[in-house]
Amino acid sequence: MQKKARIRAAAVDKSTSIKQLMSDVKHASILLTNDTGPMHIAAKYGIRCYCITGGWHWKIFSPCQEYSNTKFLHHEMPCYQCGSFCPYPGVPFKCLQELTAEKSMVCVRKQ
């Protein structure tokens, strides 16, 4: 029988302790996150992780060869490695906005 994802109400997530986060990640079979904190915890426990990331520090902080269990989901653009100086002033961090939840889930399902 397949486990179902646990989803907490937003009010509960705001008060999640680091101990609770570590426990949740440790007992997960897969993690999808847009934050590197949970990604590092997943690496510690060897949990398969998908981390949604933009391109502002691409090849500086991500992808990390040390994290073989982590797959970085991204929408590559010519402006990658912009250092957070987005060349699209009307659409801040367009590289993140182009990576929709649907595109992310397609990437995860392909794995």
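Read along the sequence, the protein chain follows the pattern α-α-β-α-β-β-α-α. It has five helices and three strands. Both kinds of element are DSSP runs, numbered from the N terminus: helices are H or I with at least four residues, and strands are E with at least two. The model is predicted; local features need pLDDT of at least 70, side-chain atom pairs count only at pLDDT 80 or more, and totals for chains, interfaces and linings use all residues. Residues are numbered from 1 along each chain as its sequence is written, and side-chain values use heavy atoms, with hydrogens and water left out.

Of the 111 residues in the protein chain, 26% are buried. Buried means under 20% relative accessible area, exposed means over 50%, and partly exposed lies in between (1.4 Å probe, protein chains only). Among contacts with a separation of 6 or more, 34% come from residues 24 or more positions apart. A contact means heavy atoms within 4.5 Å.

Strand β1 spans residues 30-33. Its covered face holds L31 and T33, while I30 and L32 form the uncovered one. Strand β2 (residues 48-52) runs parallel to β1, and four bridges join them. Two strands pair if DSSP finds at least two bridges between them. In this pairing, L32 stands opposite Y50 in β2. From β1 the chain crosses through helix α3 (residues 36-45) to β2, in a right-handed β-α-β crossover. Right-handed means that, with the strands pointing away from the viewer, the path from the first strand over the helix to the second runs clockwise.

T70 is found in strand β3. This residue is buried, with a relative accessible area of 10%. Leaving aside neighbours within four places in sequence, T70 is in contact with M39, R48, C49 and C51.

Q81 is found in the loop between β3 (70-73) and α4 (94-97). Most residues other than glycine have a negative phi. Q81 is not a glycine, yet its phi is positive, at about 70°. At 49% relative accessibility, Q81 counts as partly exposed.

A search of the whole structure finds one cavity of 30 Å³ or more. A cavity is a set of points, on a 1 Å grid over the protein atoms alone, where a 1.4 Å probe fits but cannot get out; lining residues have an atom within 4 Å of a point. The largest cavity holds about 50 Å³ of space. Grid points are joined across faces, edges and corners, and the volume is the space filled by probe spheres set on the points. Its lining includes W56, M77 and F93.

Definitions and conventions:
1 Å grid on protein atoms, 1.4 Å probe; cavity = no way out; pocket = protein on both sides within 12 Å on 5 of 7 lines; lining within 4 Å.
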